[in-house]
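Dear colleague,

I am handing over a structure for you to look through. Please open it first, and then read the notes that follow it.

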Amino acid sequence: MDVKASCFYSTCRRRDFLKVGALAFAGLNLPKLLAADRNRREISCIVLFQNGGASQLDTFDPKPDAPSDIRGSFKAIPTSVPGTHISELLPRTAKLAHKFSIIRSMHSDEAIHERARQYIFSGTKPRNELLHPSYGAVVSRELGSKNGLPPFVVIPEKDLSAEAGFLGSSYDPFVTGNPNTKDFSVKDLTLPLGLTLEEAQARTHLLAMLDSAFKNVEQSPVIDSMDEFYRKAFELISSPAAKRAFNIGEEPEKLRDDYGRTTVGQGALLARRLIESGVRLATVFHGGYDTHVNHEKLTQPLLSEFD
Amino acid sequence: MAKLRLIGSGLLALLFVMPACGAEAGVLKALRLEPEGIVLASRGAAQRFTLTAIYSDGTESDATRTARVISLNPEVVVVDTAHCQFQAKSPGLARIRMAQGKVATVAEVSVRNHPAEMSVNFSPDILSILTTKGCNGSGCHGSPVGQNGFKLSLFGYDGAADYQMIVKAQDGRRVNLQDPAKSLLLLKPTFVEPHGGGRLLSEDSDEYRLLLKWLEQGARQNSSGTRLTKLEMAPTERILVSKGSHQSMVVIGRLSDGTTRDMTREVRYVVGDDVVAEIMSDGTLSAKTPGITTVSARALGQVATAQIGVIQEPVGSDYPHVKGNNFIDELVLTKLHRMNVRPAALTSDREFARRIFLDLMGILPTPEELHRFLEDSRLDKRSRLINSLLERPEYVSHWTVKFEDWFRNCQLHMQGRSMGMFKDWIRDWLAADRPYNQVVRELLTSQGDTMLNPAANFWLPATDFMLKQFSVNKVTPTVSRLFLGVRMECAECHNHPLENYTQDDFYGLAAFFARLRVKHGYGEYRRTWFLENEGDVNHPLTKKPVLPKFLGDAVPPIPGDVDLRAILADWIVASENSYFARATVNRVWHEYFNTGIVEPFDDFRSTNMPTNRQLLDRLARHFVDCGYRLKELHRIILNSRTYQASSETSPGASESVQRLLFARCFARKLPAEVLLDSISQVTGVAHKFRGYPDGTFAKDLYIPDNPDYFLVTFSFPRRDILAGRSQSPTLGQALHMMNGETIREKIESDKNILTGLMHRGLSDADIISALYERAYSRLPSDSELKAIQDDLLVERAAGLDSRQLLESFLWAILNSKEFQLNH
């Protein structure tokens, strides 16, 4: 798998991503597609999401030939694909244009950010009665985990749109926290200070004793699935490989600098690292594009981080 | 480990003997012929029938082939005993005599004088063929996009559109009236022409001949104008004993011309749980594995259902004789007896106390409260405990959160104060136990400034935040689910193909909200709701205004200048309206059993029958009779032996049958707030919520603006949707319980329970027992205590001190299933 290709949809080939996206938007059957693919090859995918509604004029659809009251204040620049222009705020992205596709026709009639995100991440118009699962949750359910890692990861913060909805919270994403912090470690993944792995194991042993006594009396599906997650949790805590996957500190300093010492930069790098280790779908949220006032000033640094 | 079973000390004074539950076999009391009201259209027409033997103990069995059935007027109707059907000979009225043993009954079958050679109608004849052959199923031409340009309505719910598609569309290419046998309609299913669906018809089948005759007669839409108005299936309830036993299901269609038609072979059958039973296209049902399931038959937009139980073996003489506490038990135990499922034993007092504290108040009993209850020797002490807990403020706190979930008190639309005021409004009426029908009426007719009339916050999730508009389409499904128990959301866009609710029903209901409007305060989230004098909802197809119409068919008279919502609210909460009370009691029941009597609990429809109809009806009536007081509803449920049944696994019946029939208690996860409050209780360290005084319970928080990490991780719900709380565990939950700061801070705190217990100089064994009692409301058995002490000894040898050992033990307790579940 070529993970170095692009920071957008790294290991998922472009056409495949489009296929999944298009199917989901048509409300068609993602599980079927996954099932069909299951035996052929692994699906891995990074979604980089510009939260808040990045202006198309200042990103991928600058409309250089439009009248001035439609154009934004930034200029368009040519890309590596002749005839395709994007905003001058994305010079590095422009050089990679031959490696990605741009869809300029998408729109949504959802006015609330949360609901619009839910729409785009589930492919189903949000309803008041039912929360449809996001792609990542479907991937979790259909493909399960690999190498003991959670199949669906969200970076940096939990987002209501990237959830499992009616599939049940078991398929919710695993949330990492902000990787662009000093001594970053994933929440609850490291043992409390002063507790050795042996001691943690002893505690788990004690717990198993209490639980087995209870299970002689009780039987219920909820007990079995709680057991399953405790087992997975302990695996994550105790497996050095899993820990390493989340340890962005192992990446060379130079590479970390190249990705940018920002939440989105380090988030993208962490996503890549996780995909390489066995996570199936990683979503990186890049926030703050909801610039109602002072738009140019606020957007410029965000896009430069992004680029 | 054996749980303590103090059966006997906790029995109530309200015992009465169950008449129906005994091992002795019943005596044959009556015979029932189904279907009733058979009106055969003409000479030669036939109708299959079933006979049911009814015994004195309330049980029923099939008697179709054992009873003697004779026609007293053989010139009108003869009985074809080989096929269990009546056959029409000439117009008139025939008396049918049925007898078995000493029981005999007479029923009537009439025959009309319709022409012998009936014309073939598109509906129901042709549509029936399309349905039974699967042509209009969702996987074929009935899918939303059809197949290769040929699209039919799902299971034939829209006959007019299907007629257009078959006879007129694409220049009528599918029919050939000059040479009917060359019609595509016949060439495709016989596979003369390539057909993606394969060969479905042979040229010598009845269906082929009927299709051909219809084409020969000119492929008319509906020559007689006859419609199918109702479908019935018999028997409506049956219990089959042992795998492989059969029951012939009979389906009768009632037509608009007053005649009936045997549709046993003209419907599409679906078994809800196909592990339990299977059914052939001729209506022969076979038992597969013990369980309970719905069977439905569909044709031409109509549906009929029956409930089938399968049991391993008949009820034996060793079936336990169990006494119930109230009518709930009577109805539950009768059902269990019929299904040969043994009810679980009664809980011990300790289990009962823990369960009811958590269910009613969302907290654990303190050791003092527990001991006070255990030491009470009065026979009716459980009833007394229920009564006293219902008066405690924690009951109000705990159930307020549930109603916040249901009424969608969510931060997405409401900010700060508004949300808090809505919560307080719920608190107030819960504390006063105001009749729930009045509360709902107030809610549904609320208007004005949300800061002055908190009930009006109910409408907020139905507004579009940015467009600042109120959407009737968003509020209609909510009201329908919450107060009628009916899921209408599909009908917003299309007629429900499998159910009785249509787009007309949806917009008829929506029309009651058409005059509601909202004004936004500037710069804050304050809204004012008001009514306009006019306003309509347009039907999406006709684009014309829809008149307000109750679910069902009634169109109320609308006096001018009136709040339409009040008319709807009055109808919803009227005591003769069966939806409201049933939906409400089922919702509350679900909170206690995690399984509704109708399940899913807010999905009442003809193909989703209650597992115990009598129980649902009786409970609803009780709720109405008690003036819609929620406390009375809690009281009757909590006092039942059914609620007080042990959660211990019993052999025999499958888990799903035990669950559906409420044979025992099933463990359920504690909701986020309850789990967090319980952790605070056990450790003796209150959780700190930003901006709240120490010791505030999670369930009393007003604004989850920055919700606590713990609450979010443990599925604090999004209340902008009606989906409810997820019960499924997550990886994040497991990690946070094992490693997170919530637990860590509390077990390491030097002000926690361990410090207190150690300070009192208690032995390890005493401390372990004390923690058991705080978390589990029980004491460890000797063997448990020994095993834990042995384990801790090993750790001590590894160099841990007493405090560290006890912290480990406390950690294990908080992470254990017995603590995290209510059982």
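Chain B is divided into domain 1 (27-118), domain 2 (122-216), domain 3 (435-573) and domain 4 (669-822), with bounds that come from an automatic or database domain assignment. The centres of domain 1 and domain 2 of chain B, taken over C-alpha atoms, are separated by 35 Å.

Please keep in mind that this is a predicted model, in which local features need pLDDT of at least 70 and side-chain atom pairs count only at pLDDT 80 or more, while totals for chains, interfaces and linings use all residues. Residues are numbered from 1 along each chain as its sequence is written, chains are lettered from A and ligands numbered from 1 in the order in which they are written, and side-chain values use heavy atoms, with hydrogens and water left out.

Rings of Phe, Tyr and Trp (its six-membered ring) pair if their centres lie within 6.5 Å, and planes under 30 degrees apart count as stacked, over 60 as edge-to-face and the rest as tilted; by this rule there are 41 aromatic pairs over all chains. One of them joins B:Phe580 and B:Tyr628, whose ring centres are 5.8 Å apart with planes at 35°, so the pair is tilted. Both B:Phe580 and B:Tyr628 are buried, where buried means under 20% relative accessible area, exposed over 50% and partly exposed in between (1.4 Å probe, protein chains only).

B:Phe593 and B:Tyr643 form an edge-to-face pair, 6.2 Å centre to centre with 85° between the planes. B:Phe593 is buried at a relative accessible area of 9%, and B:Tyr643 is buried at 2%.

Best wishes
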